[in-house]
Amino acid sequence: MTERLNAYAAAPEAYKAMQELATKLAACGIEHSLQELVKIRASQINGCAYCLHMHTADARKQGETEERIYLLSAWRESLLYTPRERAALGWTEALTLIAQTQAPDADYEALQAAFTAKEQVELTFLIGAINTWNRIAVGFRSVHPNDRRMAARAAA
């Protein structure tokens with residue numbers, strides 16, 4: 001894979017605005033461990049290697065287990081996730097795949113049961129932000145650090 005464009009170099013002000021949003025969302029009331037699960041799940045759906053590399057590493061640093069990371073794509077069939085996490089993951093899938101799902105009432109009802117109105121909005125912004133990051137990384141073929149190292153070794 002060859003990087004198409006360095007988004008930061010091409011539009012630093014737009015990139016900075018996205019980073020500021022990410023910083024504000026990181027400080028919202030939603031627990032960091034759940035934020036990482038949401039980012040990983042959206043990135044799995046979108047096939048974003050760059051974001052998967054980053055957010056699985058971040059989740060591990062915050063104490064997330066390998067087993068929960070590995071099973072995240074099959075969270076509906078696992079008992080390892082809390083009702084709050086399940087509601088967030090359902091909402092993540094519904095919004096990430098919104099053209100197909102139209103944000104079903106059942107997913108919203110689960111969200112309402114587990115999150116305050118403020119948290120619902122924060123979570124929705126978080127999902128929107130990771131989807132934007134995924135589109136930047138996938139669209140411009142951002143290369144994660146391990147891929148850069150492997151390419152350098154192969155070229156040597």
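1. The buried residues of helix α9 are covered by elements that include α2 (12-26), α3, α4, α6 (83-96) and α8 (105-114). The model described here is a predicted one. The buried set in α9 consists of Glu119, Gln120, Glu122, Leu123, Leu126, Ile127, Ala129, Ile130, Asn131, Trp133, Asn134 and Ala137.

2. An α-helix has 3.6 residues a turn, so residues three or four places apart point the same way.

3. On the length of α9: the helix takes in residues 117-139, which is 23 residues. After α9 comes Arg141, with a positive phi near 60°.

4. Helix α3 covers residues 32-46 and helix α4 covers residues 49-61. Their axes lie 9 Å apart, at an angle of about 155°. Angles over 145 degrees count as roughly antiparallel, and α3 and α4 are therefore roughly antiparallel to each other. Their crossing is left-handed.

5. Which residues make up this contact between α3 and α4? From α3 come Glu36, Lys39, Ile40, Ser43 and Gln44. From α4 come Cys51, Leu52, His55, Thr56, Asp58 and Ala59. By class, the contact of α3 with α4 holds four nonpolar, four polar and three charged residues.

6. Helix α3 also packs with α6. The axes of these two helices cross at roughly 35° and come within 10 Å. The crossing of α3 with α6 is right-handed.

7. In the α3 and α6 pair, the α3 residues in contact are Leu34, Leu37, Val38, Arg41, Ala42, Ile45 and Asn46. They meet Arg84, Glu85, Ala88, Leu89, Thr92, Glu93 and Thr96 in α6. The contact of α3 with α6 divides into seven nonpolar, three polar and four charged residues.

8. What does Gln35 touch, leaving aside its neighbours within four places in sequence? Gln35 is in contact with Leu25, Ala26, Cys28, Ile30 and Leu126. Of these, Leu126 is among the buried residues of α9.

Terms used. Residues are numbered from 1 along each chain as its sequence is written. This is a predicted model: local features need pLDDT of at least 70, side-chain atom pairs count only at pLDDT 80 or more; totals for chains, interfaces and linings use all residues. Side-chain values use heavy atoms; hydrogens and water are left out. Axes are lines fitted to C-alpha atoms, for helices over the stretch in contact, and angles run from 0 to 180 degrees between N-to-C directions. Helices (H or I, at least four residues) and strands (E, at least two) are DSSP runs, numbered from the N terminus. Angles under 35 degrees count as roughly parallel, over 145 as roughly antiparallel, 65 to 115 as roughly perpendicular and the rest as oblique. A crossing is left-handed if the near helix is turned anticlockwise from the far one by less than a right angle, and right-handed if clockwise. Contact means heavy atoms within 4.5 Å. Ala, Val, Leu, Ile, Met, Phe, Trp, Tyr, Cys and Pro count as nonpolar, Asp, Glu, Lys and Arg as charged, and the others, Gly among them, as polar. The expected span of a helix is 1.5 Å times one less than its number of residues. Buried means under 20% relative accessible area, exposed over 50%, partly exposed in between (1.4 Å probe, protein chains only).
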